[in-house]
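User: I'd like to go through some of the labels on this model and see what backs each one up. Can you take me through them?

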Amino acid sequence: MTEVRINQLHKDDLPWIIEYDESKCIQCGKCTATCSFGAIKPAIEQRKKSCSIAEKNKLEKVIVIKQELGFDNHCRGCGMCERVCPNGAIKAVRNTDDRYSIRYRAQTGQSVKKGGRSNLNTEGRTLDKIKIGRISQMTDPSLDAVRHTFEIKTPFGRVLSADKLNFSVNGDKLECSSPLPPNRFIYPIIMGDMSIGAVSWRMWEAMAIATAYLNEVYGIPIRMCTGEGGIPVRLLKSKYVKYMILQIASGHFGWNRIIDAMPDMVEDPAGILIKIGQGAKPGDGGMLMANKVAKYVQEIRGVPKADLLSPPTHQGLYSIEESVQKMFLSMNAAFNFKVPVAIKVAASVTSVSVYNNLLRDPYNIVGGFFLDGLAAGTGAAHEISLNHTGHTITSKLRDCYKAAIKQGRQGEIPIFAGGGLGQTGSFAADAFKLICLGANGVFSGRLLLQIAGCVGNDTERCNACNTGLCPAGIASQDVCLTKRLDIDKVAENLVNYFIATDLELRKLMAPTGCSSLPIGRSDTLITVDKNVADRLDIQYVC
Amino acid sequence: MEKVVINGIENNDRMSTQALLQLIEEKLEEGYTDFEINACGQHDIGGSAWSRTEGKELNFYITNPGQRVGAMARKGTNIFVNGSTPADVGWLNSGANIVVKGDCGDTAGHCAASGKIYVSGRVGTRSGALMKHDPKFETPQFWILKNTGSFSFEFMGGGIAVVCGYDCAGLKSVLGKRSCVGMVGGIIYVRGNVADIAKTVSLKELDDEDKKFLKSGMKDFLTAIDKKGLADTLLDFSEWHKIEPLPTEEKVKKVSVREFRKTQWIEGGIFGDFIEDDMSIYPLAATGKGRLRQPVWNKELCVDCELCMKNCPNSAITKDDNKIYSSCDDKCIGCSICETVCPKAAWTMKNNQKEVD
Ligand code: SF4
Ligand code: SF4
Ligand code: SF4
Ligand code: SF4
């Protein structure tokens with residue numbers, strides 16, 4: 001008999017407990033074959049055969065399925081074993097008495113790491129406390145969401161106020177003699193912002209295909225952001241690069257390849273996004289664990305196989321002025337001032353100062369302000385950052401928008417808001433509310449994974465994206481796992497989701513009487529929460 | 001019986017719409033059928049009226065009316081408006097013949113379900129919206145000599161509209177902007193430029209039936225509006241088209257995502273220069289290359305007890321005459337049962353997971 005000691009890890013320490021019904025099990029082995037974490041294994045147990053005197057010491061051996069007890073291979077509750085079991089004999093059940101986060105720290109001396117979103121949802125979602133309450137019935141012309149035409153586009157790029165434009169009349173033409181910064185009218189949703197490496201090559205390509213398809217086949221001018229891990233040269237040199245926003249973060253990964261490919265590019269990219277910070281783990285740089293740094297990731301990024309921890313800030317940027325001067329100017333110059341350049345920061349108490357500073361932008365080169373809230377997702381983070389740092393998106397977006405209004409400069413630097421959007425399943429509702437609060441557009445990442453088949457959620461299910469063992473083949477570079485993912489199905493699901501979202505956006509625009517985006521139309525919003533009403537300056541109702 | 005003459009204003013004293021309509025109703029009750037109404041903007045004239053005199057139709061000769069002339073008018077009613085009219089002429093027309101010698105305001109012919117509306121000028125926005133055809137009644141017709149405003153024929157479900165595009169030189173579209181949105185039925189004949197109509201309708205050439213209809217209909221129309229002289233110009237069919245809704249299947253026919261990837265996407269995929277992806281999709285609990293782990297047998301340790309063979313759920317393990325055991329890749333799913341049951345640890349599982357290279 002093996003001894004049991006109190007300090008050993010036991011299954012009641014773990015977040016998920018395997019519930020197994022031996023009477024239903026036929027030992028088909030599918031569950032153990034499927035579990036990418038190796039969290040269950042076949043085992044041999046003994047059963048007493050009979051209580052008769054003659055056979056009282058006779059034991060029978062049986063094969064059972066048993067849960068593994070370990071920090072590396074504990075069950076994540078992904079549910080794949082339950083999916084494959086032909087008899088419903090096995091499933092992972094949430095352990096409400098879990099002591100994992102204490103035991104892990106106590107035993108390893110490490111901080112807990114994981115993927116997904118914050119799992120400490122103490123604040124509730126402000127967006128869910130807001131409803132669209134201004135319905136035009138006899139006040140404005142009614143619109144039909146399905147059949148009327150809506151102008152669902154938003155500027156991406158620096159917008160100059162009228163007094164900065166020198167108009168003159170030349171014959172029967174109105175001409176503008178001041179140079180205009182690049183500006184593109186795009187769909188108000190930007191997808192992606194997940195790097196090559198963080199997600200599998202099939203997932204990344206499926207997002208790119210979905211983006212191209214939505215543009216080319218449905219005429220929905222949606223854009224995708226590459227994330228900080230570079231971009232495949234084949235895509236860079238194709239016409240589809242015009243739908244891609246190239247990201248540059250502190251690691252500058254893949255940019256040498258972009259620079260190298262410039263003479264061969266047939267189209268300009270949709271934009272450049274300078275990533276300073278991200279909402280899921282503000283103050284922390286990107287983090288890609290070595291087990292996901294596959295060979296192609298190493299090549300595109302120009303790094304060896306190692307844990308890739310991007311520095312939290314861009315080395316060599318010490319102030320907002322300097323970042324405008326160095327990053328914005330250089331990125332604008334890189335594409336000859338023809339491509340809008342925006343910046344992404346984690347929402348923070350200080351966001352308004354940053355935005356105000358950018359608004360001064362004397363060179364007209366700041367083309368967008370991406371504000372990422374604390375409910376944003378990530379492929380890998382320290383749990384402490386994920387759960388305890390950051391700033392909610394709603395009020396900070398509102399603060400920035402109102403700061404611009406105060407100066408009469410709203411819309412000059414378009415604001416894009418993100419972080420946990422679509423958490424309740426409907427992206428359109430979140431998007432619409434944020435747009436009414438002042439966002440020009442919104443962006444989303446984590447939701448795309450869930451559309452693709454990720455089983456993770458915000459109550460500690462799976463979220464093992466950092467391990468490289470993603471059971472859905474999404475956050476992995478492993479061949480066996482990635483090939484579980486059907487690239488066409490994923491792209492199709494993404495396309496369908498955004499077509500549904502487009503319809504749902506119109507379903508909100510129509511009753512509010514808006515045939516174009518209601519940016520800053522906070523009069524359409526109401527809330528039953530007095531604090532929310534006061535803070536966001538929207539109508540309180542009861 | 002002589003004609004009833006009603007003046008909408010007399011000695012600076014304007015009759016209310018209600019008073020005027022009730023006066024008409026009184027006269028109808030008395031059996032009058034002909035009315036000359038010199039209106040002063042009173043609304044709803046000519047609507048929902050019927051003749052109390054057997055065999056005689058109602059005739060309204062109207063000047064200077066308000067909105068909704070002939071709205072909800074019935075079969076057996078003839079309305080002549082000398083001059084232009086404001087909005088909603090022939091709204092929900094249920095069988096009347098309405099002639100407007102002038103322009104009409106917005107939403108003319110809105111929801112018209114039967115009868116004929118002839119306009120010798122232009123009509124405003126959203127005209128012809130929601131026209132419909134109930135097969136138990138005559139097909140509604142809506143003839144316009146010149147052009148329509150934007151958003152016209154929205155949600156049209158049936159009936160025939162004819163936009164003759166006369167006096168429209170220089171217009172980008174004789175249907176304004178964004179017309180025909182949500183049109184699901186009916187036909188619009190149109191002469192001249194057409195632009196910016198809904199994507200769910202199609203602009204087609206006329207066939208012989210269409211020409212026949214236009215030829216006979218045009219004669220009645222031009223006679224009614226006193227413009228017979230325009231017949232030659234307007235019957236030059238080279239300038240005509242017809243608009244019909246696309247059949248439902250055509251509306252949804254789009255290339256599939258898979259087809260798009262295969263035919264329009266970057267050949268070989270964007271990672272094709274790094275990764276050889278055969279595009280196969282592994283199920284959960286896959287065999288062969290899709291296995292996460294695979295068993296390896298060690299001859300030295302095996303005592304030939306056959307426990308693995310007997311317990312392998314997929315009968316993947318066999319042994320040859322020399323007692324060499326092997327596991328068949330195409331059957332084995334890598335479940336580790338052989339490893340577990342082997343008393344001598346002759347089977348061990350090798351991790352098959354490997355990152356892409
Ligand atoms: S729920 Fe997932 S992690 Fe847990 S045992 Fe089943 S397959 Fe493995
Ligand atoms: S999949 Fe179900 S039946 Fe098969 S071994 Fe696992 S628990 Fe038993
Ligand atoms: S299914 Fe994959 S992507 Fe989703 S939470 Fe799990 S590891 Fe992350
Ligand atoms: S791993 Fe499972 S399926 Fe494969 S040979 Fe062993 S027992 Fe059979």
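**Labels and their cut-offs**

Analyst: Let's start with B:S327, which is buried at a relative accessible area of 18%. Quick ground rules: this is a predicted model, where local features need pLDDT of at least 70, side-chain atom pairs count only at pLDDT 80 or more, and totals for chains, interfaces and linings use all residues. Residues are numbered from 1 along each chain as its sequence is written, chains are lettered from A and ligands numbered from 1 in the order in which they are written, and side-chain values use heavy atoms, with hydrogens and water left out.

User: Why is B:S327 called buried?

Analyst: Buried means under 20% relative accessible area, exposed over 50%, and partly exposed in between (1.4 Å probe, protein chains only). B:S327 has 18%, so it's buried.

User: Where does B:S327 lie, and what does it touch?

Analyst: It lies in strand β16 (residues 325-327) of chain B; strands (E, at least two residues) and helices (H or I, at least four) are DSSP runs, numbered from the N terminus. B:S327 touches B:P295, B:A316, B:I317, B:C332 and B:W347, leaving aside residues up to four places away in sequence. Contact here means heavy atoms within 4.5 Å.

User: How do you know whether B:D226 is buried or exposed?

Analyst: Its relative accessibility is 55%, so B:D226 counts as exposed. You'll find B:D226 in the loop between α2 (208-224) and α3 (231-234) of chain B. It also has a positive phi of about 60° although it is not a glycine.

User: And what makes A:H252 partly exposed?

Analyst: A relative accessible area of 36%, so A:H252 gets the in-between label. Its loop runs between β13 (244-248) and α6 (255-261) of chain A. Phi of A:H252 is near 50°, again positive in a residue other than glycine.

User: Which label does A:L174 get, and why?

Analyst: With 60% relative accessible area, A:L174 is exposed. A:L174 sits in strand β9 (residues 173-176) of chain A.

User: What are the ligand 1 shell's residue classes?

Analyst: There are 10 nonpolar, two polar and one charged. Ala, Val, Leu, Ile, Met, Phe, Trp, Tyr, Cys and Pro count as nonpolar, Asp, Glu, Lys and Arg as charged, and the others, Gly among them, as polar. Of the 13 residues around ligand 1, A:C35, A:C75, A:C78, A:G79 and A:C81 come nearest; being near takes a heavy atom within 4 Å.
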